[in-house]
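Work through the exercises below with the sequence and the model open. Each task is followed by a solution in steps.

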Amino acid sequence: LCPPAGSRTMSVAEDAEWLRRVRKQFGNIAGEHKEINLEEFKSALQVKESFFAERFFALFDSDGSGTISLEELLKALSLLVHGSQTDKLRFLFQVYDVDGRTVGLSGCGSAWGVPAVTCCGARSPRAGSGCIDPDELRLVLRWCLRESAIALPEERLADLTWALFEAADKDHSGSITFEELREELEGFPEVMENLTISAASWLKPPPPTERSCRPRYLTRAYWHNHRGKLAFLGGYISLNLLLFALAALRHAGLGGWLVVARGCGQCLNFNCSFLAVLMLRRCLTWLRATPIAKVLPLDQHVVFHQLVGYVVLALAAVHTGAHVANFSRLARQDGRHALAEYLLSARPGAGGLGGTASQTGLALQGLLAAMLAFSSPCIRRSGHFEVFYWTHLSYISVWTLLILHGPHFWKWFAVPGCLFALEKVAGLAWRRAGGLRIVEVNLLPSKVTHLVIERPQFFRYEPGDYVYLNIPAIATYEWHPFTISSAPEQQETLWLHIRSLGQWTNKLYEYFQQPELPSPEPKPLSRSLREKRCRRWAQVGADGAQLLANAGCYIDGPYGTPTRRIFTSEHAVLIGAGIGITPFASILQSIMYRYRRRKQSCPSCHYSWCEDLRDEEMTLRKVDFIWINRDQKHFEWFVSLLTKLEMEQAEQEPGEPFLEMHMYMTSALSKNDMKAIGLQMALDLLAAKEQRDSITGLRTRTQPGRPDWSKVFGKVAEEKKGKVQVFLCGSPALAKVIRAHCEHFGFRFFKENF
């Protein structure tokens, strides 16, 4: 027995196989007695709440013994799998008829009779009720909300109950009969379609994943969508092979080990310089505005930096090993010098400055190994960022030793090194210009810190850009990247929304969570606070923890991201998961500002409309914004912004919307789940009546569960608004899924990388 999974019907053979697996699994759970009790049933189903488990258990326990036998279970499941739509609808009715004694699922008497049991505190059932009254409906909907992790006040629950009850009670008798429920469900075709599978899919195991016999890396779609990255990798590999071959040919005849060492050394000259190129963030940001951005995979510069780092360590290991092998050969031939003398003593003609090639090489090998070891994600994300930061600063020592070690390295490093130094000087000059004030702090649900920072006078950025933030009061030397969530058109302040996921971000949240309450007369700052260059006043409002702060902070940036391509797309699909909405918040606000700038009105009738948004800087025809959240609280982060966007669009000329929003709540039961049918119907009915969603308050209806990406992208492809580009800010696991669907539909895919 497994939780709900797919929405596909099974063939007769698959159903038979599934029932066979259920029989086997039942035997493992039931043991020698061949029966399972309620607690074992709950454990097998892994349900969040006990209400529906008890309702299902009561319906399966046809003899009222308090246990389910294999015969009872298989009989019930066979009816759910092979029964008609009416059979399954009757089962749904029995689940909702909490206080009633049910008739058989197949309509033939007592096969599915419900014994006089109490479900989750509900009163004992009345014999032969056969109808659903408002109290029963309210009870079931309350448990549906709990199962979906949706928190609504009692008055909203009453509204949901009344909306569904009023629609289903056709004869206004004060109760819902089976025929009335079936008639109401027929007005929801997608529910009736799901009903044919949902009763059994709640218990069915996940369907096997369809795998292609050919790896995705060999498909034409993969090569087409990754042509820029693959071409870059091909050029990078070819250049390394060419450099190795040229160096090897130049030293041919000097011994095999020396040929290998010289070839790797030449490749190291290039790769150690290329590492600096890949981290020239200001130069890369500038390149994003040029045609080169369409050819080079600039969005992957951090990934390539990591890749080249691994290549450098591997080449260095081979280079060192080849030299050690060559020195060992020379020591055996010479007989006067031991291997240790070759490695640890400076000798004229041995290479490097003053013959120190061996010593500087060993030092380089140790530094590179330490940098790689302490750059791993387990170090950076486990509260030891300082270890990563300080060991990575040894790149200065690495480049210095390389200049001393290799006679030709400076030729490769001259241009990248100068650019790197200029970027660092520019950053230091910007930081030395003075700290910025944090003018407001809001502590949002799910430990999100919203910082409002004064905007420097000449600070210009594009929607979706990010900055490095340093707050000395939290950590003196730590700089962390965060996306700017405010629009560039907002002149006075910058917004940053920071989710507490690591040591630094948790310290930030806790720092502003413990306010110093303001006093009527301001007190002089203590010496320790002056030394931290930080002052703060707290103001706790009625809505929760809100702090008005004057805290010193520094920013470095802005730096560009893949989202800069959005305004030059034709049809953009923006996908944000949780706090991943932050780059898109900036973009959506920028779109809103552009709407306002181009809004026109007739002086006679005061009719308003918006001119075509497309121009040389913005070729968008359509934007689909998809926001996926785990629970209801996460929607509170930007709900006010989304409400404004909906209002802006509502004021424009009627027709197909330019911006279409799609909200998904993954903790909510999907429409394929039998337990969610009544709740989703009630939410749909109330949303249609009030023109707003009960979960978020937006006009856009929040969809339960996870998106069906095949349907989502299929609809996007049918709209034919132009070339589709998909932008994601979310987890690597989600990126893998969406990338595969983009390859299938031929959409270009971009993921935000810091």
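The exercises concern a predicted model and cover its cavities and one surface patch.

**Exercise 1.** Find how many cavities of 30 Å³ or more the whole structure holds, and give the volume of the largest.

Solution. Step 1: the search of the whole structure returns 2 such cavities.

**Exercise 2.** Describe the lining of the largest cavity by element and by class.

Solution. Step 1: the elements that each give two or more residues to this lining are α5 (85-96), α7 (154-168), α8 (178-185) and α25 (677-690). Step 2: α25 has the largest share, with 3 residues. Step 3: lining residues include Ile677, Gly678 and Met681, along with Leu92, Tyr96 and Ile132. Step 4: the class count is 11 nonpolar, 1 polar and no charged residues.

**Exercise 3.** Is Leu246 buried, partly exposed or exposed?

Solution. Step 1: Leu246 lies in helix α11 (residues 227-250). Step 2: its relative accessibility is 44%. Step 3: buried means under 20% and exposed over 50%, so Leu246 counts as partly exposed. Step 4: together with Leu239 and Leu242, Leu246 makes a nonpolar surface patch of about 250 Å².

Key:
Residues are numbered from 1 along each chain as its sequence is written. This is a predicted model: local features need pLDDT of at least 70, side-chain atom pairs count only at pLDDT 80 or more; totals for chains, interfaces and linings use all residues. Side-chain values use heavy atoms; hydrogens and water are left out. Patches are made of residues with over 30% relative accessible area and no salt bridge: like charges are joined within 9 Å, nonpolar side chains (Val, Leu, Ile, Met, Phe, Trp, Tyr) within 5 Å. Accessible areas come from the Shrake-Rupley method with a 1.4 Å probe; for residues, only the protein chains shown count as cover. A salt bridge is a side-chain nitrogen of Lys or Arg within 4 Å of a carboxyl oxygen of Asp or Glu. Helices (H or I, at least four residues) and strands (E, at least two) are DSSP runs, numbered from the N terminus. Buried means under 20% relative accessible area, exposed over 50%, partly exposed in between (1.4 Å probe, protein chains only). On a 1 Å grid over the protein atoms alone, a cavity is a set of points where a 1.4 Å probe fits but cannot get out, and a pocket is an open set with protein on both sides within 12 Å along at least five of seven lines; lining residues have an atom within 4 Å of a point. Grid points are joined across faces, edges and corners, and a volume is the space filled by probe spheres set on the points. Ala, Val, Leu, Ile, Met, Phe, Trp, Tyr, Cys and Pro count as nonpolar, Asp, Glu, Lys and Arg as charged, and the others, Gly among them, as polar.
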